[in-house]
Amino acid sequence: MRPEIVLFGDSLTAQSFGSGGWGAALADTYSRKADVLVRGYGGYNTRWALFLLHHIFPLDIPKAPIVVTIFFGANDAAIFGRTSERQHVPLDEYKDNLKKMVNHLKEYSPTTLVILITPPPVDEDGRNEYARSLYGDKARELPERSNEVTGLYAKQCLELAKEMGLIAIDLWSKLQETEGWQKKFLRDGLHFTPEGNGILHHELEKVLNETSVSAAKLPLDFPHHSEIDGKSPEKAFHYLSL
């Protein structure tokens, strides 16, 4: 009965319903107005995510989510030749894969609002500290990701959004506007702290508030309790039987 919002991405999406998560906050914003569905796959890059498109958004069973967020790039930007190289996707392929996702969604549901989210910045020291906390002296010496390289992927995401007339959230730049962003917004150099989640939720809500599918513009699924007559409650629900 309620419209749907689908969050499609990697671990940054998969973890979005954790404590303080941006997906949970979005679900609260749209409470009783839209269902927020998490389709997040930890460790996935855009190359692997393409295999999921026809299963998550099957063309033979068309539905019409009001919003789909596409949030990939953190794994694509893993540096080739280092410990996470199997996740690496070349820059041009990353952009092309995002384009394939968008085109599939346009075919699946032409009315859906598609929002691209850039990968967040990377705190390289934080990544190394996290590795040492897990592996001690056996930890890698070089970070498997760098902020500079990830910034190139963020730029490709933004360029594609401009080319296709899509809304994009430049999370890579936004988080770095705050001094001390490395520890304030990222708990392990890559994944969000509650404050980092809060920034993304704020930016997403700000974007959505400018559209026809803002929470304020959507109706409640059922009558507000103030509209129910205590003596004749059935009157408030009569429309359901029509």
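Reader: In what order do the five strands of the open sheet stand, and what makes two strands a pair?

Author: The order is 2-1-3-4-5, with parallel pairing. Two strands pair if DSSP finds at least two bridges between them. Helices (H or I, at least four residues) and strands (E, at least two) are DSSP runs, numbered from the N terminus. The model is a predicted one, in which local features need pLDDT of at least 70 and side-chain atom pairs pLDDT 80 or more, while totals for chains, interfaces and linings use all residues. Residues are numbered from 1 along each chain as its sequence is written, and side-chain values use heavy atoms, with hydrogens and water left out.

Reader: Why is one side of strand 2 and of strand 5 left without a neighbour in the sheet?

Author: Strand 2 (35-40) and strand 5 (167-169) stand at the edges and each has a single partner strand, so one side of each lacks a neighbour in the sheet. From one strand to the next, the twist averages 20°; angles run from 0 to 180 degrees between N-to-C directions, and axes are lines fitted to C-alpha atoms, for helices over the stretch in contact.

Reader: How do you know that strand 1 and strand 3 pair?

Author: Strand 1 (residues 4-9) and strand 3 (residues 67-71) are joined in the parallel sense over five bridges, and the definition asks for at least two. In strand 3, Val67 is the bridge partner of Ile5.

Reader: Which helix packs on the sheet and touches strand 1, strand 3 and strand 4?

Author: Helix 5 (residues 91-108) does so, and its direction makes about 170° with that of strand 3. Contact here means heavy atoms within 4.5 Å. Helix 7 (residues 147-164) also packs on the sheet, touching strand 4 and strand 5, at about 155° to the direction of strand 4.

Reader: Why are helix 2 and helix 10 called oblique to each other?

Author: The axes of helix 2 (residues 22-29) and helix 10 (residues 194-208) cross at roughly 40° and come within 8 Å. Angles under 35 degrees count as roughly parallel, over 145 as roughly antiparallel, 65 to 115 as roughly perpendicular and the rest as oblique. Helix 2 and helix 10 are therefore oblique. Their crossing is right-handed: the near helix is turned clockwise from the far one by less than a right angle.

Reader: What makes up the contact of helix 2 with helix 10, by class?

Author: There are six nonpolar, three polar and one charged residues. Ala, Val, Leu, Ile, Met, Phe, Trp, Tyr, Cys and Pro count as nonpolar, Asp, Glu, Lys and Arg as charged, and the others, Gly among them, as polar. Trp22, Ala25, Leu26 and Thr29 in helix 2 meet residues of helix 10 including Leu204 and Glu205.

Reader: Why is the pair of Phe8 and Tyr41 called edge-to-face?

Author: Rings of Phe, Tyr and Trp (its six-membered ring) pair if their centres lie within 6.5 Å; planes under 30 degrees apart count as stacked, over 60 as edge-to-face and the rest as tilted. The centres of the Phe8 and Tyr41 rings are 6.5 Å apart and their planes stand at 75°, so the pair is edge-to-face. Phe8 lies in strand 1 and Tyr41 in the loop between strand 2 and helix 3 (46-49), 33 residues apart. The structure holds nine aromatic pairs.
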